[in-house]
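Dear colleague,

I am passing on the structure we spoke about, with the sequence alongside.

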Amino acid sequence: MRGWAPLRSLPLLLLLLVLGSAAETPPYLPAPQNVEVYSYNFQSLLRWSPVPVENGTVLYTAEYQTGSCRNWSDLGCAQSPQPQCRFPPELQRRRWTILLRVRAELGTLASPWAHCPAFVAERDTTLGPPRVNNVSASPGSLLLSVSPPFAPEAGDILQYLVSYWENSTSATAKQKLSESKTLFQIGNLKESTLYCFRVQVQLRIYSGQLLEGLPSAPQCHRTALSEATRAGYIVPLFVLALVVANLAAAALLFLWKHHQKIKYWAQPPLEIPSHFKEFLREPGWAGLEELHSPAEEEPQPLVLGEEPGQDGEDPPANTCRATPGSATCPGAAARTGLNAGTEPGTTGEC
């Protein structure tokens with residue numbers, strides 16, 4: 001029975017060994033993912049996806065190796081918190097073959113190296129669109145002045161691919177023109193017509209192939225009129241202006257000669273207002289009859305109390321004359337009534 005004691009303690013020893021080795025093994029830090037080179041107009045940048053961790057800040061170290069030198073060198077961003085690293089100026093070479101790698105670091109932990117495919121700038125860069133500096137329009141052509149999107153080096157062979165079309169409602173096929181100069185002309189165009197174009201740059205690389213860049217945004221310009229066409233427009237306009245001037249002069253002369261007749265014809269017809277018409281149809285309105293009544297005869301002077309035999313004498317001031325068929329003078333009866341109570345023998349005077 002004593003011989004079985006070591007066998008019973010064997011599983012316990014194995015468990016202790018496993019736990020001890022696990023305690024000594026450091027935690028695992030993953031390598032960066034999606035490592036690539038972004039290059040635009042020969043300006044290159046190494047970038048990758050950040051490594052996620054729960055605690056702490058991950059730092060990154062990038063190195064490079066060229067085809068002529070197999071030693072790994074620092075890219076210039078050792079232990080950088082940014083998930084990208086720009087190429088130093090001495091590494092901006094178009095035809096160099098460059099190998100790149102990057103790893104993550106967290107304290108004493110370091111991830112495995114993540115490698116990037118071999119990069120050649122002249123082959124893998126993206127060329128932007130050229131800049132259109134100026135456009136001069138002539139009757140049958142457009143003169144373009146452009147400049148490349150990058151600084152050319154000695155020996156560079158650049159071409160410009162121009163696509164242009166007439167901006168009309170009808171569908172027209174695009175035409176292309178390749179020029180090796182920065183100042184070139186698009187000819188055989190219609191005059192006074194709107195044309196649109198876009199330009200691409202092409203770089204001939206060491207293999208003889210053409211590295212084609214991105215096209216520029218479309219621009220539209222109208223061609224000019226020729227002198228003959230402008231003269232053809234000016235002559236009819238001059239004749240039309242002359243005819244209009246003669247017609248205007250004739251119209252003014254006619255108005256001056258016949259202005260009296262025109263004034264007579266232009267005056268409105270004479271017409272009695274409606275309220276006067278209504279009054280004439282019903283003239284017997286109350287309140288207006290007195291305005292239209294015949295004038296009364298003037299009263300004749302009356303002379304009362306004239307004694308016989310006194311012809312030629314002026315009547316006294318308090319007498320009045322009566323016409324035949326008239327009564328006594330006004331106020332006589334009143335004065336008679338007033339004198340009725342006087343002494344006998346006295347009579348009232350008119």
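Predicted model: local features only at pLDDT ≥ 70, side-chain atom pairs only at ≥ 80, totals over all residues.

I begin with strand S6, which covers residues 98–106 and takes part in several of the pairings described here. Strand S3, made up of residues 59–66, pairs with S6 in the antiparallel sense, and eight bridges connect the two; within this pairing, alanine 62 lies opposite valine 102 of S6. S6 is also paired in the antiparallel sense with strand S8, residues 114–119, in this case over four bridges, and here leucine 100 has cysteine 116 in S8 as its bridge partner.

Strand S7, which consists of residues 109–110, runs antiparallel to S6 and is joined to it by two bridges, with leucine 106 standing opposite leucine 109 of S7. S6 and S7 form a hairpin that has two residues between the strands, and in this hairpin glycine 107 adopts a positive phi near 65 degrees.

Asparagine 34, which belongs to strand S1 (residues 33–40), has a phi near 55 degrees, a positive value in a residue other than glycine. Asparagine 41, located in the loop between S1 and strand S2 (43–49), likewise has a positive phi near 55 degrees without being a glycine.

Are these two asparagines buried or exposed? Asparagine 34 counts as exposed because its relative accessible area is 58%, and the cut-off for that class is over 50%. Asparagine 41 has a relative accessibility of 13% and is therefore classed as buried, since buried means under 20%.

Finally, there is a nonpolar patch on the surface, formed by Val235, Phe238, Val239, Leu242, Val243 and Leu247, which together have about 580 Å² of accessible area. One of these residues, valine 235, sits in helix H3, which spans residues 227–257. Valine 235 counts as exposed because its relative accessibility is 52%, with the limit for exposed residues set at over 50%.

Notes. Residues numbered from 1 in each chain as written. Heavy atoms only, no water. Patch = residues over 30% accessible without salt bridge, like charges linked within 9 Å, V, L, I, M, F, W, Y side chains within 5 Å. Areas by Shrake-Rupley, 256 points an atom, 1.4 Å probe, with all protein chains shown as cover. Salt bridge = Lys/Arg side-chain N within 4 Å of Asp/Glu carboxyl O. Buried < 20%, exposed > 50% of the residue type's maximum accessible area, 1.4 Å probe, protein only. Pairing = 2+ DSSP bridges.
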